[in-house]
Amino acid sequence: MIFRHRFDPTSLREYDIRGTVGKTLGPEDAYAIGRTFASVVAGDGGRTVVVGYDGRLSSPALERALVEGAMASGMDVVRIGCGPTPMLYFASADLNADGAAMVTGSHNPPDQNGFKIVLANRPFFGAQIAMLGQMAATGNVVAQASGTTRMVDVRAAYIDRLLRDHDHDARALNVVWDCGNGAAGDVLSLLVKRLPGRHRVLNAAIDGRFPAHHPDPTIPANLQQLITAVRQDGADLGIAFDGDADRLGVVDDTGAIVWADQLLLILARDMLRARPGATIIADIKTSQVVFDEIDRAGGRALMWKSGHSQMKERMAETGAVLAGEMSGHLFFADRWYGFDDALYAALRLLDVISRLDGSLSDARRALPATVSTPELRFACPDTRKFDVITEVATRLAQAGADVCDIDGVRVSTPDGWWLLRASNTQAILVARAEGATQAALDRLKTALSAQLAQSGVTLPDHADHATPH
């Protein structure tokens, strides 16, 4: 049987494969991903691929097609069923699999879905994803074969491993959790039964329609139910997960949001007491306060590109013990595997909070204060977005500006810094600015706006909504 397939060109992204089900993504694409990725695994001498899926309504059908494609390339496919993406990463590591693929739309709208892939427990992204498209288009796959499939329930082993590093002598806490009807629900409901303290779980039922709210904890509107519950319960904190539980959002005991970079700093300070001199990575959107305070606490702060695959690769290259992104991905290589797991990060956070002299809100208020914009995301065509960055970078170089260009441009001035980068996954530009005062922030936004204007782009109105940070 001759195999050839053409993906919609918009579906093959930098870090994953993603599309709108029934329009740019369907079971035939899932089959092609299984067929081509399994051919890559076979070419490396591998034989075993682990497959999982999230709670979206389209995920079971995509998972079945993916498994069929992998089996047609001769793989022994281990199916772990519905659950968080990090549970797939765990299963791949625990079973020493040659490859793994997760059917997940992450935090995207309900009609979208996609695939996250690892090869030999390392991220599979960038040129590797593009290669799958080329293999499918040319039919460059291994000869059709008859693989095998088996179901393995890894939930108990995963929960046991999550709990292994948890401090069971820690102070019991009152916690509200919000699964957002995402893939964390079943595992978290089992996990909290084994934790000390009081635990209230919201929206635990896995439902791909996301009836309570959209599962993206970086958007404050999606945290309002959690904030209300924390205040009602007098809880020590609230923790929310995205659709596939590789990202988290946190609110403190007052109901205030603890932004992801603040969370990273709180975790880093605690870790550096036991690991002085350790390398800790934060993405380019992170507050300068985080880098300064990690260095002050005796660590080695390293700025790197945004993107979970980029972060995991950089951690492996540098031996970093902890990393984090403004998007809510947290990566532990201290006693953990180095991948982003919001459930594991949550347990480590509970341990840290139990050791604090005061509350989480006390720790948040004690952080050095700045004034910043939220992450600003605004439309720019895929055919134009990288050109805008190049134009801005060229003008900044000519002006002799202080620029970090590892991922877009991050410009430092006496007032603070501003950032402009192109999203690798969407047709948007991303900007952010942070100053010591509101006046300093206003000057930074003016400089950013002027650069965008010279490239025919307008800074969105919500850039005016600065927040203390």
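Visitor: Which exposed residues does the face of H7 turned away from its buried side carry?

Guide: Two terms come first: helices (H or I, at least four residues) and strands (E, at least two) are DSSP runs, numbered from the N terminus, while buried means under 20% relative accessible area, exposed over 50%, and partly exposed in between, with a 1.4 Å probe and protein chains only. In this structure, the face of H7 turned away from its buried side carries Arg231 and Gln232 as exposed residues. This is a predicted model, in which local features need pLDDT of at least 70 and side-chain atom pairs count only at pLDDT 80 or more, whereas totals for chains, interfaces and linings use all residues. Residues are numbered from 1 along each chain as its sequence is written, and side-chain values use heavy atoms, with hydrogens and water left out.

Visitor: Which residues of helix H7 are buried, and what covers them?

Guide: Helix H7, residues 224–233, has Leu226, Ile227, Ala229, Val230 and Asp233 as its buried residues. Seen down the axis of H7, these buried residues fall within an arc of 165 degrees (the arc of the directions from the helix axis to the C-beta atoms), so they line one face of the helix. Contact means heavy atoms within 4.5 Å, and what covers the buried residues of H7 includes strands E8 (174–178), E9 (198–202), E10 (237–241), E11 (248–251) and E12 (257–258). Just after H7, Gly234 takes a positive phi of about 60 degrees.

Visitor: What is the strand order of the open sheet of 5 strands?

Guide: Two strands pair if DSSP finds at least two bridges between them, and here the order is E9-E8-E10-E11-E12, with mixed pairing. E9 and E12 stand at the edges, each with a single partner strand, so one side of each is left without a neighbour in the sheet. E10 and E11 pair in the antiparallel sense over 4 bridges, and Gly238 has Val251 in E11 as its bridge partner. Helix H6 (residues 185–192) packs on this sheet, where it touches E8, E9 and E10, and its direction makes about 165 degrees with that of E9. For such angles, axes are lines fitted to C-alpha atoms, for helices over the stretch in contact, and the values run from 0 to 180 degrees between N-to-C directions. H7 lies across E8, E9, E10, E11 and E12, and runs at about 160 degrees to E8.

Visitor: Where is Trp177 found, and is Trp177 buried or exposed?

Guide: Trp177 is found in strand E8, and at 1% relative accessibility it counts as buried. Not counting residues up to four places away in sequence, Trp177 touches a set of residues that includes Leu188, Val192, Leu226 and Ile239. Trp177 and Val192 are 15 residues apart in sequence and 9.5 Å apart in space, C-alpha to C-alpha.

Visitor: At what angle do helices H1 and H2 pack?

Guide: H1 (residues 27–43) and H2 (residues 59–72) pack at an angle of about 35 degrees, with their axes 7 Å apart. A crossing is left-handed if the near helix is turned anticlockwise from the far one by less than a right angle, and right-handed if clockwise; the crossing of H1 and H2 is right-handed. Among the residues that meet are Ala30, Tyr31 and Ile33 in H1 and Leu62, Ala65 and Leu66 in H2.

Visitor: How many residues of helix H3 are buried?

Guide: In H3 (residues 85–94), 8 of the 10 residues are buried, so the helix is largely enclosed by the rest of the structure. The buried residues include Met87, Phe90 and Ala91, and H3 is followed by Asn96, whose phi is positive, near 55 degrees. Val154, found in the loop between strand E7 (148–151) and helix H5 (155–164), is buried, with a relative accessible area of 7%. Leaving aside neighbours within four places in sequence, Val154 is in contact with Ile80, Met87, Phe90 and Ala91.
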